[in-house]
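Please open the model in your viewer and keep the sequence panel beside it. The stops below say what to select next and what is to be found there.

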Amino acid sequence: MAELLEFGMLFAFGFSWPFAIARTYRSKSVDGKSPMFMLIVILGYMCGIASHLMEGTKLWLVAVYLADIALVSTDLALYCLYSSRKNTTKTEVRK
(Lines give C-alpha, C1' and ligand atoms only; values in the text may rest on other atoms or scores of the structure.)
Protein backbone atom coordinates (compact mmCIF):
# COMPACT_ATOMS: atom_id res chain seq x y z
CA MET A 1 0.00 0.00 0.00
CA ALA A 2 2.87 2.39 0.81
CA GLU A 3 4.28 2.13 -2.70
CA LEU A 4 0.88 2.99 -4.20
CA LEU A 5 0.70 6.11 -2.06
CA GLU A 6 4.25 7.04 -3.05
CA PHE A 7 3.31 6.51 -6.70
CA GLY A 8 0.27 8.76 -6.17
CA MET A 9 2.50 11.50 -4.77
CA LEU A 10 4.97 11.17 -7.63
CA PHE A 11 2.18 11.12 -10.20
CA ALA A 12 0.54 14.23 -8.74
CA PHE A 13 3.80 16.17 -8.71
CA GLY A 14 4.80 14.87 -12.13
CA PHE A 15 1.38 15.68 -13.59
CA SER A 16 1.78 19.37 -12.76
CA TRP A 17 5.15 19.87 -14.47
CA PRO A 18 3.97 19.57 -18.11
CA PHE A 19 1.62 22.50 -17.48
CA ALA A 20 4.47 24.58 -16.06
CA ILE A 21 6.69 23.61 -19.00
CA ALA A 22 3.99 24.52 -21.52
CA ARG A 23 3.40 27.88 -19.86
CA THR A 24 7.10 28.70 -19.88
CA TYR A 25 7.50 27.57 -23.49
CA ARG A 26 4.47 29.53 -24.74
CA SER A 27 5.19 32.73 -22.85
CA LYS A 28 9.00 32.58 -23.14
CA SER A 29 8.90 34.12 -19.66
CA VAL A 30 10.49 32.82 -16.48
CA ASP A 31 8.84 35.31 -14.16
CA GLY A 32 7.93 33.63 -10.90
CA LYS A 33 10.20 30.64 -11.57
CA SER A 34 12.89 29.65 -9.11
CA PRO A 35 15.83 27.61 -10.37
CA MET A 36 16.85 26.89 -6.78
CA PHE A 37 13.42 25.40 -6.09
CA MET A 38 13.69 23.18 -9.14
CA LEU A 39 17.17 22.01 -8.11
CA ILE A 40 15.88 21.18 -4.62
CA VAL A 41 13.01 19.19 -6.14
CA ILE A 42 15.48 17.25 -8.30
CA LEU A 43 17.63 16.60 -5.23
CA GLY A 44 14.58 15.28 -3.38
CA TYR A 45 13.75 12.95 -6.25
CA MET A 46 17.35 11.73 -6.31
CA CYS A 47 17.13 10.94 -2.59
CA GLY A 48 13.99 8.90 -3.30
CA ILE A 49 15.84 7.00 -6.01
CA ALA A 50 18.80 6.36 -3.71
CA SER A 51 16.46 5.06 -1.03
CA HIS A 52 14.89 2.52 -3.38
CA LEU A 53 18.23 1.46 -4.82
CA MET A 54 19.67 0.91 -1.34
CA GLU A 55 16.67 -1.17 -0.30
CA GLY A 56 16.61 -3.02 -3.59
CA THR A 57 12.82 -3.00 -3.55
CA LYS A 58 10.15 -1.23 -5.54
CA LEU A 59 12.55 -0.52 -8.35
CA TRP A 60 9.61 0.24 -10.65
CA LEU A 61 9.17 3.47 -8.69
CA VAL A 62 12.68 4.53 -9.77
CA ALA A 63 11.31 4.86 -13.31
CA VAL A 64 8.62 7.25 -12.05
CA TYR A 65 11.22 9.28 -10.18
CA LEU A 66 13.35 9.47 -13.35
CA ALA A 67 10.36 10.64 -15.39
CA ASP A 68 9.68 13.38 -12.85
CA ILE A 69 13.35 14.40 -12.87
CA ALA A 70 13.19 14.64 -16.67
CA LEU A 71 10.18 16.95 -16.44
CA VAL A 72 11.72 19.22 -13.81
CA SER A 73 14.99 19.27 -15.76
CA THR A 74 13.12 20.35 -18.89
CA ASP A 75 11.56 23.25 -17.02
CA LEU A 76 14.96 24.15 -15.56
CA ALA A 77 16.53 24.07 -19.03
CA LEU A 78 13.80 26.39 -20.32
CA TYR A 79 14.46 28.67 -17.36
CA CYS A 80 18.15 28.84 -18.26
CA LEU A 81 17.38 29.44 -21.93
CA TYR A 82 14.79 32.16 -21.45
CA SER A 83 16.45 33.90 -18.52
CA SER A 84 19.65 34.30 -20.55
CA ARG A 85 17.63 35.72 -23.43
CA LYS A 86 15.90 38.10 -21.05
CA ASN A 87 19.26 39.34 -19.72
CA THR A 88 20.60 39.73 -23.27
CA THR A 89 17.53 41.75 -24.29
CA LYS A 90 17.91 44.07 -21.27
CA THR A 91 21.58 44.63 -22.08
CA GLU A 92 20.78 45.45 -25.72
CA VAL A 93 18.05 47.91 -24.69
CA ARG A 94 20.43 49.77 -22.38
CA LYS A 95 23.00 50.34 -25.16
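Before the first selection, a convention is needed: axes are lines fitted to C-alpha atoms, for helices over the stretch in contact, and angles run from 0 to 180 degrees between N-to-C directions. The model is predicted, so local features need pLDDT of at least 70 and side-chain atom pairs count only at pLDDT 80 or more, while totals for chains, interfaces and linings use all residues. Residues are numbered from 1 along each chain as its sequence is written, and side-chain values use heavy atoms, with hydrogens and water left out.

**The whole chain**

Show the chain as a cartoon, and you will find 3 helices and 0 strands, following the pattern α-α-α along the sequence. Helices (H or I, at least four residues) and strands (E, at least two) are DSSP runs, numbered from the N terminus. Of the 95 residues, 29% count as buried, where buried means under 20% relative accessible area, exposed over 50%, and partly exposed in between (1.4 Å probe, protein chains only). Switching to a surface, the chain exposes about 6,300 Å², of which carbon and sulfur atoms supply 71%; accessible areas come from the Shrake-Rupley method with a 1.4 Å probe, and for residues only the protein chains shown count as cover. Among contacts (heavy atoms within 4.5 Å) between residues at least 6 apart in sequence, 72% join residues at least 24 apart.

**Helix 1 against helix 2**

Select residues 2–27, which form helix 1, and residues 35–55, which form helix 2: their axes come within 13 Å and cross at roughly 150°. That makes helix 1 roughly antiparallel to helix 2, since angles under 35 degrees count as roughly parallel, over 145 as roughly antiparallel, 65 to 115 as roughly perpendicular and the rest as oblique. The crossing of the two helices is left-handed, the term used if the near helix is turned anticlockwise from the far one by less than a right angle, with right-handed used if clockwise.

Which residues make the contact? On helix 1, display Glu6, Leu10, Phe13, Gly14 and Trp17, and on helix 2, display Phe37, Met38, Val41, Tyr45 and His52. By class, this contact has 7 nonpolar, 2 polar and 1 charged residues, given that Ala, Val, Leu, Ile, Met, Phe, Trp, Tyr, Cys and Pro count as nonpolar, Asp, Glu, Lys and Arg as charged, and the others, Gly among them, as polar.

Center on Leu10, a residue of helix 1 that is buried, with a relative accessible area of 0%. Not counting residues up to four places away in sequence, Leu10 touches Tyr45, Leu61, Val64, Tyr65 and Asp68, and the C-alpha atoms of Leu10 and Val64, 54 residues apart along the chain, are separated by 6.9 Å.

Between the C-alpha atoms of Tyr25 and Leu78, 53 residues apart along the chain, the separation is 7.2 Å.

**The loop at Lys28**

Select Lys28, in the loop between helix 1 and helix 2. Most residues other than glycine have a negative phi, whereas phi of Lys28 is near 55°, a positive value. Lys28 is partly exposed, with a relative accessible area of 42%.

Finish with helix 3, residues 60–94, where Ser73 lies, partly exposed at a relative accessible area of 31%. Ser73 and Ile42 are 31 residues apart in sequence and 7.7 Å apart in space, C-alpha to C-alpha. Cys80 is also placed in helix 3 and is partly exposed, with a relative accessible area of 46%; from Cys80 to Val30, 50 residues apart in sequence, the C-alpha to C-alpha distance is 8.8 Å.
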